[in-house]
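Q: Show me how to read a model like this one, please, one feature at a time.

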Amino acid sequence: MNKKDNKFSTKAVRVGTIRSQEQEHSEAMYLTSSFVFNSAREASERFANPESGNVYSRFTNPSVKMFEERLAALENADRCVATSTGMSAILSCFMALCSKGDHVVVSKSIFGTTVQLFNNILKRWGLDITYVDLSNENQWADSIQKNTKLFFVETPSNPLSELCDINSLANLSHKHGIKLIVDNCFLTPALQKPLDLGADIIIHSATKYLDGQGRCLGGAVLGNSNDMKEVFAFLRSAGTTMSPFNAWVFLKGLETLKIRMDAHSRNALELATWLESLPYIEKVFYPGLDSHPQFELAKTQHSASGGVLSFNIQGSKKEAWNLIDSTNMLSITANLGDVKTTITHPATTTHSRLTQEERDAANIGDNLIRIAVGLEDIEDIKEDLKYLLK
């Protein structure tokens, strides 16, 4: 079933399902490294054209294919290429689409490990990188060179929930023959569809909300058939492969994606509003708040603002750590996208490998705390955060 006129939640449950001769209702896990051919001729034809059937689970597997087809349907993409992690999705995309000497423009407001990937690995392979402010379109325009190949953004960004105008940035990039890549990890297609807004490629860390329960690692790259053919070719040789078991877990996650993202968003908005009222909180960063500088853009770009927020506490690292350590229920972990609420100190965890100068440029201060709001009762989450009020 792959009807384009089906609604989101129907696609999330039905698209891509492959049934074996056993006619199982829940999708099967194809836990096999290889596949058997009926003849030497068939083996030769499969190796020449893996699209015609399964060859080897490094690059073809029915469980992974089901996940890819379902996520592609949800993002309105021609094709999805599933990968082993979110970081391997970024690596696969850039290695597939760029060559030595190409130039890319990247938002300063991205995940700390992504910065490390660009600066410590991709630069060594000859990629030229310019960092700009996410929402400052003039900086994007001024950074364009003759050899600029790609723009890369997270929107909302990690951890400050900054936004860019996807449609406007896409128009700028296309005017110069540049492709726009959007990391859609924070909102997922349940809340935001970057391709519909003009983006060319979407990146996902499936580890986060696509799974939804913190169980497995995975990633995905989505876009048009020509670009994804290049990404698939890289994956086939490099082996940045999603495991069949993890793909099956992500399939189950997609089935509940819409109701989970709506619930995460409701909890996060209520928590963000409550945090703004506390005397020891200097500033709350969440696009769903009318105090957010891009609140009006948020309303036009996504249906809800997701589950991640951050805030500055009065003081510095000592006060931030004290608040984190005072919680009893919240999980102190850098992961997000879980049904369990998580809390972390970005300057010393997710962005700790950045230099002080890089953290300052990204506004990652020592008094910043990030919360990925889970699906516990919101009153219990508030109660666990009543630091200094006890």
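Q: How do the residues lining the second largest pocket divide by class?
A: The lining has 10 nonpolar, 10 polar and 4 charged residues. Nonpolar is Ala, Val, Leu, Ile, Met, Phe, Trp, Tyr, Cys and Pro, charged is Asp, Glu, Lys and Arg, and the others, Gly among them, are polar. Bear in mind that this is a predicted model, where local features need pLDDT of at least 70 and side-chain atom pairs pLDDT 80 or more, while totals for chains, interfaces and linings use all residues. Residue numbers start from 1 along each chain as its sequence is written, and side-chain values use heavy atoms, without hydrogens or water.

Q: Which residues lie nearest the centre of that second largest pocket?
A: A pocket is an open set of points on a 1 Å grid over the protein atoms alone, with protein on both sides within 12 Å along at least five of seven lines; a cavity is a set where a 1.4 Å probe fits but cannot get out, and lining residues have an atom within 4 Å of a point. Here 24 residues line the second largest pocket, with Met87, Phe111, Cys185, Ser205 and Lys208 nearest its centre. Helix 4 (86–97) and strand 6 are the elements that give two or more residues to this lining. Helices (H or I, at least four residues) and strands (E, at least two) are DSSP runs numbered from the N terminus.

Q: What volume does the largest pocket have?
A: About 760 Å³, against about 400 Å³ for the second largest pocket. A volume is the space filled by probe spheres set on grid points, which are joined across faces, edges and corners. The largest pocket is lined by 34 residues, and Lys65, Glu68, Glu69, Arg79 and Cys80 lie nearest its centre. Helix 3, strand 1 and helix 9 each give two or more residues to that lining, and helix 3 gives the most, with 7. By class, the largest pocket is lined by 15 nonpolar, 9 polar and 10 charged residues.

Q: How many cavities of 30 Å³ or more are there?
A: There are 2 of them. The largest cavity holds about 40 Å³, and its lining includes Lys108, Ser157, Glu162 and His351.

Q: Which way do strand 1 and strand 7 run?
A: Antiparallel: 5 bridges join strand 1 to strand 7 (residues 219–223), and Thr83 stands opposite Gly219. Angles run from 0 to 180 degrees between N-to-C directions, with axes fitted to C-alpha atoms, for helices over the stretch in contact.

Q: At what angle do helix 3 and helix 10 pack?
A: About 35°, with axes 8 Å apart; helix 10 covers residues 244–255. Contact means heavy atoms within 4.5 Å. Among the residues that meet are Phe67 and Leu71 in helix 3, and Phe250 and Leu254 in helix 10. This contact has 10 nonpolar, 1 polar and 2 charged residues.

Note on methods:
Pairing = 2+ DSSP bridges.
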